[in-house]
Amino acid sequence: MADNPNVVTLTDDNFEEEVLNADKPVLVDFWATWCGPCRQIAPIIEDLADDFEGRAKIGKLDVDNNPRTAQEYGVRSIPTLLFFKNGEVEEQLVGAMAKSALAKKLEALSGQPA
């Protein structure tokens, strides 16, 4: 994973604080190092983190290292993208998605265009 300061590394331990208690919408990318489609969308996730800086939080959770959170949210295949607002899952997408589709969802949740 690249070192983009706008992408939060999520873990079982910080998930509640970083995602559920966030004061803005959060996009969580559930991924793993061995997952090809996860690597494909990684640059898109990083671009979104830059585009939505200050308006939404973008985080990545490695399912191999953090199985508790993945299991809690029923993540069975990756990449799975969960959109949270006010601590609640607003939408779940599975598989690689176009940047424009993800940006539209973040715009709707944040109330602000990219």
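## Aromatic pairs

Two rings of Phe, Tyr or Trp (its six-membered ring) count as a pair if their centres lie within 6.5 Å. Planes under 30 degrees apart are stacked, those over 60 are edge-to-face, and the rest are tilted. In this predicted model, that rule gives 3 aromatic pairs.

Take F15 and Y73. Their ring centres are 5.5 Å apart and the planes meet at 45°, so this pair is tilted. F15 sits in helix α1 (residues 15–20), while Y73 sits in the loop between α3 (67–72) and β4 (80–85), so the pair ties together parts that are 58 residues apart in sequence. Both F15 and Y73 are buried.

F15 also pairs with F84. Here the centres are 5.7 Å apart and the planes stand at 75°, so the pair is edge-to-face. This pair links distant parts of the chain, with F15 in helix α1 and F84 in strand β4, 69 residues apart. Both F15 and F84 are buried. Ring pairs join F15, Y73 and F84 into a cluster.

## A lysine over a ring

K60 lies over the face of W31. The distance to the ring centre is 5.0 Å.

## The chain as a whole

The chain has 4 helices and 5 strands. Along the sequence they follow the pattern β-α-β-α-β-α-β-β-α. Of contacts between residues at least 6 apart in sequence, 69% join residues at least 24 apart.

For 114 residues, a compact globule would have a radius of gyration near 13 Å; the chain has 13 Å, which agrees. The C-alpha trace spans about 35 × 30 × 25 Å along its principal axes. Of the 114 residues, 48% count as buried. The accessible surface comes to about 5,900 Å², and 45% of that belongs to carbon and sulfur atoms.

Technical notes:
Residues numbered from 1 in each chain as written. Predicted model: local features only at pLDDT ≥ 70, side-chain atom pairs only at ≥ 80, totals over all residues. Heavy atoms only, no water. Helix = DSSP H or I, 4+ residues; strand = E, 2+ residues; numbered from the N terminus. Buried < 20%, exposed > 50% of the residue type's maximum accessible area, 1.4 Å probe, protein only. Lys NZ or Arg CZ within 6 Å of the ring centre and 35° of its normal. Rg over C-alpha atoms; globule rule 2.2 N^0.38 Å. Contact = heavy atoms within 4.5 Å. Areas by Shrake-Rupley, 256 points an atom, 1.4 Å probe, with all protein chains shown as cover.
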